[in-house]
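Trainee: I would like to learn how to read a structure like this one. Please take me through its features one at a time.

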Amino acid sequence: MFTDVLAEQFEIQGEQVHVRARLVADFDLDSLDRAALGVEIEEKSGIALEEEDVRDCETLGDLIDRFAARIAERAR
């Protein structure tokens with residue numbers, strides 16, 4: 001899902017997408033782009049993300065971890 005959103009919304013794909021990829025430095029996502037990324041992930045997954053979930057993430061792996069934590073919270 002993350003790779004789909006990055007490809008569709010930001011034209012980021014292939015070798016660029018990996019857990020250590022930095023949202024700002026590697027993907028060149030500014031604060032508005034990161035907010036849009038969070039909204040797209042929410043819409044595709046149905047899992048609510050807080051603004052700081054995306055804003056505070058440095059890497060794609062950080063974002064995936066935050067998303068997994070939201071899933072775990074929802075499962076409780």
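Mentor: Start with a charged pair: K44 and E8 form a salt bridge, with the closest N and O atoms 3.4 Å apart. The term stands for a side-chain nitrogen of Lys or Arg within 4 Å of a carboxyl oxygen of Asp or Glu. K44 lies in helix 2 and E8 in helix 1, 36 residues apart, so this pair links distant parts of the chain. Helices here are DSSP runs of H or I with at least four residues, numbered from the N terminus. Before going on, note that this is a predicted model, in which local features need pLDDT of at least 70 and side-chain atom pairs count only at pLDDT 80 or more, while totals for chains, interfaces and linings use all residues. Residues are numbered from 1 along each chain as its sequence is written, and side-chain values use heavy atoms, with hydrogens and water left out.

Trainee: Which residues of helix 2 are buried?

Mentor: An α-helix has 3.6 residues a turn, so residues three or four places apart point the same way. In helix 2 the buried residues are R34, L37, G38, E40 and I41. They sit on the same side of helix 2, because they cover an arc of only 165 degrees around the axis, taken from the directions from the helix axis to the C-beta atoms. Helix 1, helix 3 and helix 4 are among what covers these residues. The face turned away from the buried side carries the exposed residues L32 and E43.

Trainee: What is found at the two ends of helix 2?

Mentor: At its start, a side-chain oxygen of D30 reaches to within 3.1 Å of the backbone nitrogen of L32. After helix 2 comes G46, whose phi is positive, near 80 degrees.

Trainee: Which residues touch the most other members of the largest nonpolar core?

Mentor: A nonpolar core is a set of buried Ala, Val, Leu, Ile, Met, Phe, Trp, Tyr and Cys residues joined through side-chain atoms within 4.5 Å. The largest one has 19 residues, and those touching the most other members are L6, I12, F27, L29, L37, I41 and L63. Helix 1, helix 2 and helix 4 (60-75) each give two or more residues to this core, and the largest share, four residues, comes from helix 1. Leaving aside neighbours within four places in sequence, L6 is in contact (heavy atoms within 4.5 Å) with E11, I12, V17, F27, L37 and L60.

Conventions: Buried < 20%, exposed > 50% of the residue type's maximum accessible area, 1.4 Å probe, protein only. Polar contact = N/O pair within 3.5 Å; in protein donor to acceptor, adjacent residues only side chain to side chain.
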